Structure formats: structure tokens, C-alpha cells
Amino acid sequence: MSMFRYRINADYVGTAYGGWQVQPNRKTVQGEIEKAVFELTGEKTSVVGSGRTDAGVHALCQTAHFDLSKEWEPKRLVGGLNHFLASDIRVLNAQKTRNDFHARFDCVEKSYIYLMYRAPERAVLTDRAWAVDPNIDVGRMKSAAKRFVGEKDFKSFMAGGSDTASSIRRVSGADVYEKDGFIVFETTANGFLYNMVRIMTSAVEAAGRGKLTETEIDDLIAAKDRTQVKGTAPAFGLYLKSQKYKEE
């Protein structure tokens, strides 16, 4: 039987979901999109994402692929899927792609942003951004973030429970800047370990409060010991921003 592979980009608010990946007895983003595909097409298929996002984490763009036995016009696919999805998940676009395209294995880089803002807390930003010390020093945060750039062993910035074979990752960008009232930590790498961005954010935030120096961040990386790094930023401030693929 001929199969057609489709590539989609979706965004979502992760608050109501137990993360991207299908799990027993939990509502997940992947699970909801798979249900929508079935409702629209009558076909059960696996929707494979570029990577997992944890419970409460959001996405500005999550790339995924799935196979169907029938050829669909992309605009009809987008409109139909969004009809069956809750408003906190939106399929942004769709296209028919080559049969060997893989949303996870063909991805060569991912970018995340983490949103913070100066306290006091705002009700409208609940579960969307982290309220931090109003006197936090963004310059110190920026300098601290730069210490993550390069190919390094990030074992100190990996939460327990990861089954990865190697904790070495290449971070090609890490920066902190202020935009539209937010303090943004943005980072790009060829891959991220379990909770790596949230642990990095916690260290950057501590640097902004004068609790960590650039040299101490270097020491934490060199230690390769998670117990040496205190804290993990809340999930709700984290957004999967974009992915880069081999052919792009």
C-alpha cells in the first residue's frame, strides 16, 4: 500500500498536558493530535515530533510527521485537524514530504526560549513566564549564559532519569536580552538533555542575583555532577522555539 508522509508545524500551550509524548492515563499533545488525525481521516497513525517537551512546557513551533494512506491537500489537512483540536493546540501548516523524512532524527539543531519578567507576579502571565527578582542584573545573566557556548559535557545540567548514552552537547548560542517587558534566555544546540534548559536557566537567574559568577558556572560544567547545581526553573516559562533540518 502506498503511504504519504506529511510534515506539520504546530504550536501549543502546554499547561493542560502531560508533555508531548503519549503516556498512559495522561492527556498529551501528541495524543491529542493523533486523535484529531483519526477523527479527520479515519486512520490511526503515530505523530512523531522533533523531540519531547515536558508537562507544562509550551511550543512556538513543534515539527512532526505522520503517514497516511490517502493523499491530502495541505490546507484541508490543517483546517480539518484544527477543527478537531482544542484551541490550545494549533497546526500552523502542513506539507507532503519525502517518505524518509524524520522529524526527530533529521533535526540538527533546536532552539528554546525561556521567559522571565521582573516581579511582582502578573495574573495574566500565570503559567506562561517566571516572575524573578525586580532588581536582577541582565548584564550578569548575559555574561553567565555565554559560558554555556561550545561542545561540552553538560552532565551537571541533566536531571536524573535520563537514559541518554552521552551528556556531551554542542551549544551554538546562548544569550539573555530584554524584549517587550520580558527577560529572555535563548539557547540553541544540537540537542538538549533532560531538563537541561531549565537547569541552565536556573543558573543564569542565580547569576543575575549575584549568587553565581562566570567562573563558578565554568566550575559547575567541569564538575559533571548534577548535585552541584542548585535549582531547576519552572516548566511554565519554557518554549520550544524552532528546529533546523539537514536540508534547510
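Student: Okay, so strands here are DSSP runs of at least two residues, labelled E and numbered from the N terminus. With that in mind, where does Pro120 lie?

Tutor: Pro120 is in the loop that runs between strand E5 (107–118) and strand E6 (130–132). Keep in mind that this is a predicted model.

Student: Is Asp180 buried or exposed?

Tutor: Asp180 is exposed, because its relative accessible area of 69% lies over the 50% cut-off.

Student: Nice. Switching to helices: at what angle do H3 and H4 pack?

Tutor: Helix H3 (residues 138–146) and helix H4 (residues 196–208) pack at about 140°, and their axes are 7 Å apart.

Student: Why do H3 and H4 count as oblique, then?

Tutor: Roughly antiparallel would need an angle over 145 degrees, and this one is about 140°. The two helices are therefore oblique to each other.

Student: Which hand does the crossing of H3 and H4 have?

Tutor: The crossing is right-handed.

Student: Which residues in H3 and H4 meet?

Tutor: From H3 you have Arg140, Met141, Ala144 and Ala145, and from H4 there are Val204, Glu205, Ala207 and Gly208. Sorted by class, the contact of H3 with H4 has 5 nonpolar residues, 1 polar and 2 charged.

Student: Arg140 is charged, I see. With which residue does Arg140 form a salt bridge?

Tutor: With Asp137, where the closest N and O atoms are 3.9 Å apart. The cut-off is 4 Å, so the pair is counted. Both partners are partly exposed: Arg140 has a relative accessible area of 46%, and Asp137 has 32%.

Student: How many salt bridges does the count come to?

Tutor: The count is 14 salt bridges. Another one in the list is Asp175 with Lys142, where the closest N and O atoms are 2.8 Å apart. This pair links distant parts of the chain, since Asp175 sits in strand E8 (residues 168–179) and Lys142 in helix H3, 33 residues apart.

Student: How accessible are Asp175 and Lys142?

Tutor: Asp175 counts as partly exposed at 22% relative accessibility, and Lys142 is partly exposed too, at 32%.

Student: Which residues do salt bridges that share partners join into one network?

Tutor: Those are Arg98, Asp100, Asp106 and Lys246. Within that group, the side chains of Asp106 and Arg98 meet in a salt bridge of 2.7 Å, N to O.

Student: Is Asp106 buried or exposed?

Tutor: Asp106 counts as buried, because its relative accessibility is 7% and buried means under 20%.

Technical notes. Residues are numbered from 1 along each chain as its sequence is written. This is a predicted model: local features need pLDDT of at least 70, side-chain atom pairs count only at pLDDT 80 or more; totals for chains, interfaces and linings use all residues. Side-chain values use heavy atoms; hydrogens and water are left out. Axes are lines fitted to C-alpha atoms, for helices over the stretch in contact, and angles run from 0 to 180 degrees between N-to-C directions. Helices (H or I, at least four residues) and strands (E, at least two) are DSSP runs, numbered from the N terminus. Angles under 35 degrees count as roughly parallel, over 145 as roughly antiparallel, 65 to 115 as roughly perpendicular and the rest as oblique. A crossing is left-handed if the near helix is turned anticlockwise from the far one by less than a right angle, and right-handed if clockwise. Contact means heavy atoms within 4.5 Å. Ala, Val, Leu, Ile, Met, Phe, Trp, Tyr, Cys and Pro count as nonpolar, Asp, Glu, Lys and Arg as charged, and the others, Gly among them, as polar. Buried means under 20% relative accessible area, exposed over 50%, partly exposed in between (1.4 Å probe, protein chains only).
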